[in-house]
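User: I've got a protein model on my screen and I'd like to learn how to read it. Could you take me through it feature by feature?

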Amino acid sequence: MATRRYMMILAGAVLLSVILLIPNLDSNKPAATGSSSHDANTGPVTHEQDDEPMESVVVTVSMTSAEFANLEEASQRFMLKYPNIKVLLSNIESKEEAYAAWKQELELGSSSDIMLMDSGWVREFAVMGLLEPVDSVNTASTISDQPVKLLAPLKWNSYLWGLPYDADPAVIVWNKAMLSEQKLAVPPKDWDSFMNLTDHLSAPQEASKPLVYLPSDFSLTAAWLDGWSSSKQRGTGALLLSEESASRLETLAGLTIPSFSLNNRMLGTELEQRQMLASVLPWSEYKALPKSEQDKLVLDKDKLRNIWLGSRSFVVSAASEKTEASFSWIKEMTSVTEQERSYERFGKLPAKNSIYEISGYSGTTAQYPPSWMLPLLNEEPMDEPPAPNWHGEWKRWQALWTLYTSGATNITSFIQSITASPSNEQ
């Protein structure tokens, strides 16, 4: 009897084991699919963004191939962070070709969602109704950390039409040895002091001796003239078109040779060997100089005025249907981390105040821009942003300046052409 009872218990146990091994056949419950290598104690794997639609954002920029490769790397990091946003990047290295393409495509409503353009062009496209104002999205945290002078050219009609990416202003450098010979520790502060210095350096029979190097890039010459301006106005119209600046440019023509050129990679040595007093170059080129070359130069911090010249900003097409995704990408590209990487590689000034603040107490000059630039980036913004016809006028001025620096015309003809500019009549 006991044996029979034992056999019944054993059979029941076997039957229970079989039942427990049978899969769940309840049609009201979903069957498990796939496989996972994660520990069962960690719970199910979830993908929060799986249900979000994939968006494709088209971005077109104008930059060097090296800068573009850097931007592609940054964009890849963005897509890892936002897997539901696919970014399609393209580059038009020629600024003029980029300008023409963007203008045509924006007018046709078939442009990229995002463009990186010269900050001086932004107002023109905004006035034409082709851009989306950045005020339409929550960009307050981004804007609050950006320099006032880089935001200034992007404002029109009480709106902001772009977000600054970087700047590459022209800086004036002086031959340290020549200043020392004249018992000067710092560059001349005003125009009269500069003229007195040139008188000491030029003998009467050397009236045409070149003392200043003005390159063929017109923006560098404009920065030189602007550095001496006594005008309190820092608007674009004050760059060259005042009588004071025109007169000084004519005087300066006797101290330089238009077709003359220097090797900027060895600028300190070049100025010493050629006994030239001063030159102008973009900040990124100055930063790239070897320390041995920088040590032969004195950087003129007092004459760095229109820092926005040479700056670039991201804009979004008014026809874009991907504004939220577009601004997410722009915010990431202008983040402190990405801007630090870009500055270390290419030397163009970041559009983030906090990076300059960091440089004040840590890091090296190779990693961070100098902290003394921070007040210059945030004081005395221009009274007016560039006029809508800025690009056309600037292009004309550059063409005229190229004629002069090539020796095809004289300085008087150049000044007459510039002062006849429509911008001067506004």
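User: Let's start with strands. Which residue of β11 is the bridge partner of M117?

Analyst: Strands here are DSSP runs of E with at least two residues, while helices are runs of H or I with at least four, and both are numbered from the N terminus. M117 has S313 of β11 as its bridge partner. Before we go on: this is a predicted model, where local features need pLDDT of at least 70 and side-chain atom pairs need 80 or more, although totals for chains, interfaces and linings use all residues. Residues are numbered from 1 along each chain as its sequence is written, and side-chain values use heavy atoms, leaving out hydrogens and water.

User: Okay. In which sense do β3 and β11 pair?

Analyst: Two strands count as paired if DSSP finds at least two bridges between them. β3 and β11 pair in the antiparallel sense, over five bridges. β11 also pairs with β6 (residues 163–167), again antiparallel, over three bridges. On that side, L163 stands opposite F314 of β11.

User: And why is β11 called largely enclosed?

Analyst: Think about how much of a residue a 1.4 Å probe can touch, counting protein chains only: under 20% relative accessible area is buried, over 50% is exposed, and in between is partly exposed. In β11 (residues 312–316), five of the five residues are buried, so the rest of the structure largely encloses the strand. Both faces share in this: R312, F314 and V316 point one way, S313 and V315 point the other way, and all are buried.

User: What's the strand order in the open sheet of four strands?

Analyst: Read it across as β8-β9-β7-β10, with mixed pairing. β8 (212–213) and β10 are the edge strands; each has a single partner, so one side of each has no neighbour in the sheet. Further in, β7 and β9 run antiparallel to each other over five bridges, with A170 opposite P282 of β9.

User: Now a helix. Which residues of α11 are buried?

Analyst: In α11 (residues 267–274), the buried ones are L267, G268, T269, E270 and L271. Their cover includes β7 (170–175), β9 (278–282), α13 (291–294) and β10 (297–299).

User: What about the greasy middle? Which residues have the most contacts inside the largest nonpolar core?

Analyst: A nonpolar core is a set of buried Ala, Val, Leu, Ile, Met, Phe, Trp, Tyr and Cys residues joined through side-chain atoms within 4.5 Å. The largest one here has 65 residues, and W174, F194, W224, L277, Y286 and F414 have the most contacts inside it. Helix α9 (residues 218–228) gives the largest share of this core, seven residues. Apart from that core lies another, of 40 residues, including V57, V61, V87 and I330.

User: Last one: is Q146 buried or exposed?

Analyst: Q146 is buried, at 3% relative accessible area, even though its place is in a loop, between α5 (140–143) and α6 (148–151). A polar atom of the Q146 side chain lies 3.1 Å from the backbone oxygen of P164. Beyond four places in sequence, Q146 is in contact with L151, L163, P164, A351, N353 and N378.

Key:
Contact = heavy atoms within 4.5 Å. Polar contact = N/O pair within 3.5 Å; in protein donor to acceptor, adjacent residues only side chain to side chain.
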